[in-house]
Amino acid sequence: MPATAEADGATGTSPLVAAAAELAARAREPASRWDAEGHVPPDVLRALAATGLLAADLPSRHGGRDLAPADLGEVAAHLGGVCSALRGLLTVQSMVAAALLRWGTRAQRADWLPRLADGTLTAGFAATEDGAGSALGEVTTAVEDSGDGLLVTGRKRWVTFGESADVLLVLGRHAEGLTTVLVETDRPGVHRESVTGQLGMRAAGIAHVTLDGVRIPADHRIAPPGAGLSHVAATALDHGRYTVAWGCVGMAEACVADAAAHAATRLQGGVPLGRHQSVGALLARSAVRAAAARELAARAARARTRGPGHGVTETIMAKYAAADAGAEAGRAAVQVLGAAGIAPDSRAGRHYRDAKVMEIIEGAQEVAESHMAEQLLRRFGAVT
Amino acid sequence: MSRGSAETLDEITRFLTEALRREVGPDDDYFALGLVDSLFALELVTHVEDRFELTVEVEDLDLDSFRTARRLTAFVHAKKADAETAPVHAGDS
């Protein structure tokens, strides 16, 4: 047995995990309504931010709570198990915090991190564009030197909580290479357009954001030009994949529970639904996927305890498996629940839609496969 | 200096050759040659930090330092020399 909880990636030591569980329990009933209405009430978002959960893995010297990767994972699983939008807020805030922690200057960290940690500031990650999804190297948003500052011009799409974020980490193109800048959303030239009716993540405040010659101070650039995608955005995305993975574990487990509860009690031809062999098989397959995803996520947690930069590939694998588990368990749960599964307020239906989105964001499944295959070729292939 | 340049260059070249699955010369710019995927830049930073027990800060992110094995070797030695002469950091906050 491992000697320490950390070596095991074990959890349950942090009161923040219990706080997340409580918060999730309160969100369980209204989450379907938030989904239907297309937003989480602002006071709920503010309350979540104020708990300090959103960037709790930051070191305490920056105002964080030193939350270990495994505990952060449990927090994401609790939130994701009831409401992907809440988990999404955690994901984007902690992505931006992770990128700033790793690649901010001392002054930038001191300026931004405490406010992200205590939730007085909420952040969004603005990378995707019309012509740049999985291939973020194609972004065209311009970041130009202008006097003693910078001028940002472009259009970003699908920014999670872009509707409400106070500041955006924007990936753009400078004469000297791809770069990342922080843009406060109250600056002149920032226009936000809410996205509605998309397949999933309907309550996640998704917005398209137009940056129309937005002027920012030079000290809002994170890392030198050239490092914007390869270092800064890559660090953010790695962190994002980690909390998405755990959020999907939560979704998959919730779908298994809902499907099993229904199959145990609903009678079909005088016997419980779950006694029908084909229904039992759906439950079993979902349960295996969910359990496997949890173990891969725990494996990623262990790898990440070694510090920044560690566990990148393990996290990709976990996110890949967990998004698949969420989508498949969601599909199975909708099937088992029947008409109740396709109802507008169906939790399984919502998880199914949200999990499908998780198979696309933070690196589509196919991109993850390419990376994992490349790692295998590296390990087992000959040097040419 | 605790480690000879030739030894460091050799180690870095070996890591690159294994990671990129082809012989990498001391002056090959593996980024310009298109040999790396989107996650390699971070992986290289992490490897250098672990192997040579140093921390790559944002101030070190002159990407020219990371382009070739020879430049990376020079960076590692400069960084180690800094660490030996600079006062002890109380933390990076």
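Chain B contains three helices and zero strands, where helices (DSSP runs of H or I, at least four residues) and strands (DSSP runs of E, at least two) are numbered from the N terminus. Along the sequence, the pattern of chain B reads α-α-α. The model is a predicted one, in which local features need pLDDT of at least 70 and side-chain atom pairs count only at pLDDT 80 or more, while totals for chains, interfaces and linings use all residues. Residues are numbered from 1 along each chain as its sequence is written, and chains are lettered from A and ligands numbered from 1 in the order in which they are written.

Of the 93 residues in chain B, 22% are buried. A residue is termed buried if 20 or more other C-beta atoms lie within 10 Å of its own, exposed if 12 or fewer do, and partly exposed in between, with C-beta atoms placed from the backbone. Contacts were assigned to pairs of residues whose C-beta atoms, placed from the backbone, lie within 7 Å. Among the contacts in chain B with a separation of 6 or more, 61% join residues 24 or more positions apart.

Chain A has 13 helices and ten strands. Its 384 residues would give a compact globule a radius of gyration near 21 Å, and the value for chain A, 21 Å, agrees; the radius is taken over C-alpha atoms, and the globule rule is 2.2 Å times the number of residues to the power 0.38. The C-alpha trace of chain A spans about 80 × 50 × 45 Å along its principal axes. In chain A, 56% of the 384 residues count as buried. Of the contacts in chain A with a separation of 6 or more, 75% are between residues 24 or more positions apart.

Chain A is assigned domain 1 (5-122), domain 2 (124-225) and domain 3 (229-380), the bounds coming from an automatic or database domain assignment. The centres of domain 1 and domain 3 of chain A, taken over C-alpha atoms, are 20 Å apart. Their contact involves 27 residues from domain 1 and 28 residues from domain 3 of chain A. On the domain 1 side, the elements giving two or more residues are α3 (31-37), α5 (69-82) and α6 (84-103) of chain A. The largest share of this side, eleven residues, is from α6(A). By class, this side has 14 nonpolar, nine polar and four charged residues; Ala, Val, Leu, Ile, Met, Phe, Trp, Tyr, Cys and Pro count as nonpolar, Asp, Glu, Lys and Arg as charged, and the others, Gly among them, as polar.

Helix α12 of chain A (residues 347-358) has twelve residues, for which 1.5 Å a residue predicts a span of 16 Å; the end C-alpha atoms are 16 Å apart, in agreement. The expected span is 1.5 Å times one less than the number of residues. Eleven of the twelve residues of α12(A) are buried, so this helix is largely enclosed by the rest of the structure. The buried residues include Arg347(A), His351(A), Tyr352(A) and Met358(A). Their cover includes α3, α6, α8 (228-265), α10 and α11 (339-342) of chain A.

Strands β2 (residues 142-146) and β3 (residues 149-159) of chain A run antiparallel and are joined by five bridges; strands pair if DSSP finds at least two bridges between them. Val143(A) lies opposite Val152(A) of β3(A). The hairpin of β2(A) and β3(A) has two residues between the strands, and Gly147(A) adopts a positive phi near 60° there.

Ala204(A) lies in the loop between β6 (190-194) and β7 (207-217) of chain A. This residue counts as buried because 31 C-beta neighbours lie inside 10 Å. Beyond neighbours within four places in sequence, Ala204(A) contacts Ser84(A), Ala85(A), Gly88(A), Thr160(A) and Phe161(A).

Between the chains, 21 residues of chain B are in contact with 26 residues of chain A. On the chain B side, α1 (5-20) and α2 (40-52) each supply at least two residues, and the largest share, six residues, comes from α2(B). This side divides into eight nonpolar, five polar and eight charged residues. Val312(A), in helix α10 (residues 312-337) of chain A, touches Asp238(A), Leu39(B), Leu42(B) and Glu43(B), not counting residues up to four places away in sequence. Val312(A) counts as buried, with 22 C-beta neighbours inside 10 Å.

Key: Contact = placed C-beta atoms within 7 Å.
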